[in-house]
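Subject: Structure for you to look at

Hello,

Here is the structure I promised to pass on.

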Amino acid sequence: MYLRKTILATGVAISALATASFAHAEPTAEVLHWWTSGGEAKAVAALKEDFEANGGKWVDSPVAGGGGDAAMTVLRSRVLSGDAPAAVQLKGPAIQDWAEQGALADLNDVAEAEGWDKVIPPAIQNVMKYEGDYVAVPVNIHRIDWIWANPALLAKVGATEVPKSWDEFNALADKLKAAGITPIAHGGQPWQDATIFETVVLGLGGPEFFQKAMVDLDEDALKSDTMKAVFDQMRKIRGYVDADFPGRDWNLATAMVMNGEAAMQIMGDWAKGEFLAAGKVPGKDFICSAAPSDNGYLFNVDSFAMFNVSGDDKVAGQKLLAELIVGQKFQETFNLLKGSIPARLGVPLDKFDDCAKKSEADLLAAQDAGGFLPSMAHGMALRGHLSGAIVDVVTAHFNSDMSSDEAVSRLVEAVELAKD
Amino acid sequence: MGASQSTESNLTASIQRHLSKIVVAPSFAASLFFVYGFILWTGYMAFSKSRMLPVWDWAGLRQYERLWQMERWHVAIENLLVFGGLFIVTCLIIGCLLAVLLDQRIRAEGVLRTIFLYPMALSFIVTGTVWKWLLNPGLGLESMMHDLGWTSFKFDWLVNSDMAIYTVVIAAVWQASGFVMAMFLAALRGVDQDIIRAAYMDGASLPRIYFGIIIPSIRPVFLSAIVVLAHLAVKSFDLVIALTGGGPGYASDLPATFMYTMAFQRNQLGIGAASAMMMLATVMAIIVPYLYSELRGGKKNG
């Protein structure tokens with residue numbers, strides 16, 4: 001512990017010396033991210049343009065691979081050597097982890113000047129703040145608990161909309177299955193199994209139960225009968241997916257819904273991008289509907305954490321970047337490209353599609369009802385080792401014939417083990 | 001004049017004497033630091049409380065305790081035993097058989113040898129991806145059989161949690177058995193032809209000659225092959241990642257993929273280090289007796 005701090009301090013001192021000579025250069029920010037393909041890459045390019053138009057010098061550090069694992073490995077070594085990038089794509093409790101190490105910069109002055117407290121939803125502020133200080137900035141809000149449906153297939157069994165309760169959902173899925181239609185398009189990867197799982201937890205247990213079980217890891221909630229019912233429902237859903245689901249990527253599952261090979265997919269709203277890219281129209285070619293729940297809304301917020309940098313140019317660059325990211329203009333451009341909605345409330349949504357408008361309307365309703373909750377499967381609610389322990393159990397249950405009782409007892413055990 | 005000449009020649013001589021050491025020194029130093037240094041460091045990490053960043057706080061055997069309490073680690077270890085055992089045995093049998101068959105002075109031996117050895121030239125990632133397509137019930141073998149009219153054909157090991165690890169065995173055997181064949185073939189060619197001819201004279205049948213004379217005489221090759229295959233099995237990572245992604249669920253996890261998940265995805269450096277040390281111990285258990293017997297044998301010969 002002590003030694004590491006010494007290393008950190010020495011590193012910072014060295015990089016301070018190295019940068020001192022450039023002290024009066026233009027605002028510079030090095031951005032470490034793994035948005036390197038498709039809409040995400042365009043979204044980053046939009047930020048870069050905006051930053052450069054405001055006089056900044058952008059140093060791009062893309063590290064692709066492993067859904068950010070590679071970037072995190074780079075980040076670790078950069079921080080240990082005292083040369084952290086100014087802004088790093090980082091989300092959820094990982095922000096708190098780095099803040100605890102004392103590696104993150106304080107953004108309170110920008111936050112005050114820009115009035116972030118008023119425009120960022122409080123639940124997201126909690127994620128961005130460490131001990132009351134802003135250390136990161138949100139770029140978007142993805143909703144997890146969506147059902148994407150093919151209306152033509154639903155019509156074949158006489159349904160016009162996505163069910164509003166899980167009982168109706170099961171009834172509809174049974175009907176579809178009887179009619180020879182695969183009810184659910186699913187990719188058997190642990191995170192996708194977990195995406196369905198948390199949607200079911202929210203749906204069957206309600207927001208309060210979700211908070212207790214998936215955020216607070218309350219033991220009574222984890223071993224409750226509600227949790228057993230959740231695993232029962234997972235077993236049912238297992239019967240609704242086709243035989244070839246293991247290992248399939250999520251976008252291929254989305255394509256199944258698009259091409260009429262399966263009726264519905266439970267997936268976050270990045271699935272929308274696939275539909276839109278194929279020229280499909282929401283409401284006509286596909287339906288976006290919230291998965292059944294009592295005013296629940298699971299959010300997945302991407303953000304940039306601001307690391308301690310030294311040198312006036314770098315500090316100025318960092319502050320400029322933070323200001324721009326939360327600014328209306330960037331929030332609009334970025335989220336139009338990424339398929340999510342702005343993390344800042346009150347951005348006009350005229351250019352957005354109907355699904356995005358519904359997302360924000362639901363967000364406001366959920367916020368009032370206390371159902372605006374962080375996603376467990378996407379690393380917003382829990383630290384990696386805790387959510388990993390839950391995901392292990394969920395995926396082991398989904399891919400075997402484990403009973404719900406056993407799944408619940410394993411869940412309690414795994415969480416207990418991961419906690420200490 | 002004379003004195004300086006002699007120092008010069010002394011210098012040249014000493015450089016010549018130490019040239020081999022000087023040339024080897026950098027790589028020796030590098031491997032000392034980057035291999036053995038980091039083994040020691042990982043060993044220490046396994047006793048520390050490290051999670052996201054390496055820390056030096058002592059945690060005793062706690063990480064090992066947690067490791068062995070994890071259901072997933074047990075799955076990984078069982079998979080390693082199944083995979084390693086089947087992989088080594090099948091490779092030896094197939095490799096030995098191919099070598100014996102190729103050894104019959106057949107025509108086009110060179111072509112066949114190349115064909116069998118070729119998979120070794122591929123990277124495990126490629127093998128894994130190709131076999132993933134072949135074994136996927138919706139894309140590969142099963143769907144082809146269905147298209148040909150054999151609709152009851154079922155081969156869903158890749159998507160079946162109980163069988164997924166065997167698909168890894170299939171792909172790995174496909175890749176490595178040609179290499180084992182090459183090792184055996186070289187050894188077979190080295191067997192003294194006079195003994196074989198003598199056995200012929202005595203009227204021994206061909207199988208008898210192989211089982212009684214040739215195979216016992218190439219026993220050292222078996223040992224080398226087992227050591228090579230065993231360490232391939234313990235460290236195999238990319239094949240599983242490409243073929244099954246460790247799935248369905250974590251049903252085909254191996255220690256190496258487990259270690260990666262813990263250390264790089266879940267911020268559990270301590271447990272990751274502990275599992276790495278367990279893997280090292282497994283490899284040592286195989287390599288050390290082998291090296292011991294080799295080195296002792298060398299002394300005897302020398």
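This is a predicted model: local features need pLDDT of at least 70, side-chain atom pairs count only at pLDDT 80 or more; totals for chains, interfaces and linings use all residues.

Residues are numbered from 1 along each chain as its sequence is written, and chains are lettered from A and ligands numbered from 1 in the order in which they are written.

Chain B has 13 helices and zero strands (DSSP runs, H or I of at least four residues for helices and E of at least two for strands, numbered from the N terminus). Its radius of gyration, taken over C-alpha atoms, is 25 Å, well over the 19 Å that the globule rule (2.2 Å times the number of residues to the power 0.38) gives for 302 residues, so chain B is more spread out than a compact globule.

In chain B, 28 residues are in contact with 27 residues of chain A (C-beta atoms, placed from the backbone, within 7 Å). Helices H2 (62-69), H3 (71-102) and H12 (255-265) of chain B each supply at least two residues of that side.

In chain A, helix H2 covers residues 38-53. Its buried residues (20 or more other C-beta atoms, placed from the backbone, within 10 Å of their own) include Val44(A), Leu47(A) and Phe51(A). The buried residues of H2(A) fall within an arc of 120 degrees seen down the axis (using directions from the axis to the C-beta atoms), so they line one face of the helix. On the other side, Glu52(A) and Ala53(A) are exposed (12 or fewer such atoms).

Regards

Terms used:
Two residues are in contact if their C-beta atoms, placed from the backbone, lie within 7 Å. The expected span of a helix is 1.5 Å times one less than its number of residues.
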